[in-house]
Amino acid sequence: MDARSYRLSCLKESTVFEVDFPEVLHAKATIVEAAANSRDEHHHPTMAAKSLIRVAADLTEDDWLEKLQKSGFEPEKSTVWILEGILYYLSHSHAINVLKIIAEKCNITNTVLLADFMNRQATTFIQLHLPLLL
Ligand SMILES: C[S@@+](CC[C@H](N)C(=O)[O-])C[C@H]1O[C@@H](n2cnc3c(N)ncnc32)[C@H](O)[C@@H]1O
């Protein structure tokens with residue numbers, strides 16, 4: 001439930017494409033709409049990005065980039081991909097496939113990719129040390 005397009009003024013000239021399952025995007029749009037219609041004007045969400053386009057797609061299917069493109073995404077344009085909290089929900093082969101598609105189809109000199117990873121070492125560390133930190 002990222003809200004960068006509502007939070008980051010540096011996106012004022014950027015189109016944000018948000019890819020997720022349709023039901024997640026729908027739930028999010030409903031929450032934003034409810035906040036926009038609430039009586040408490042201080043909490044009305046204001047779009048900071050130039051625009052936000054929600055794209056319903058499953059990253060384990062082969063058609064997610066096509067769906068992005070049909071929604072207006074142009075792979076040759078400067079793009080920052082944010083794969084935050086997603087790769088470790090996918091199987092190894094699906095995660096590699098997502099990265100390959102981006103590497104093969106996007107203009108690599110204009111592309112920045114940010115991603116977080118979780119491996120066995122990291123999860124073991126968390127299991128051992130998180131209870132001590134809480
Ligand atoms: C931990 S959240 C992080 C999302 C994002 N970074 C944010 O801050 O909103 C993981 C998201 O990945 C989505 N997700 C998981 N598997 C997916 C898939 N195969 N295709 C598309 N989205 C997926 C989930 O529905 C969830 O919204």
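Mentor: Let us begin with a term: contact means heavy atoms within 4.5 Å. Please keep in mind that this is a predicted model.

Trainee: Into which domains is the protein divided?

Mentor: Domain 1 covers residues 1–56, and domain 2 covers residues 59–134. Taken over C-alpha atoms, their centres are separated by 20 Å. By the contact criterion, six residues of domain 1 touch eight residues of domain 2.

Trainee: How much area do domain 1 and domain 2 bury between them?

Mentor: The size of an interface is often expressed as the accessible area lost when the parts come together. Here, domain 1 and domain 2 bury about 620 Å² between them, with 69% of it on carbon and sulfur atoms. On the domain 1 side, R4, F17 and V19 supply 64% of the area buried against domain 2, more than any other three residues.

Trainee: How many salt bridges does the rule find across the interface of domain 1 and domain 2?

Mentor: The rule finds one across this interface. The side chains of R4 and E84 meet in a salt bridge, at 3.2 Å from N to O.

Trainee: Why does L130 count as partly exposed?

Mentor: L130 counts as partly exposed because its relative accessibility is 39%, and that class lies between the cut-offs of 20% for buried and 50% for exposed.

Notes
Residues are numbered from 1 along each chain as its sequence is written. This is a predicted model: local features need pLDDT of at least 70, side-chain atom pairs count only at pLDDT 80 or more; totals for chains, interfaces and linings use all residues. Side-chain values use heavy atoms; hydrogens and water are left out. Buried means under 20% relative accessible area, exposed over 50%, partly exposed in between (1.4 Å probe, protein chains only). Domain bounds come from an automatic or database domain assignment. Buried area is the accessible area (1.4 Å probe) that two parts lose on being put together, summed over both. A salt bridge is a side-chain nitrogen of Lys or Arg within 4 Å of a carboxyl oxygen of Asp or Glu.
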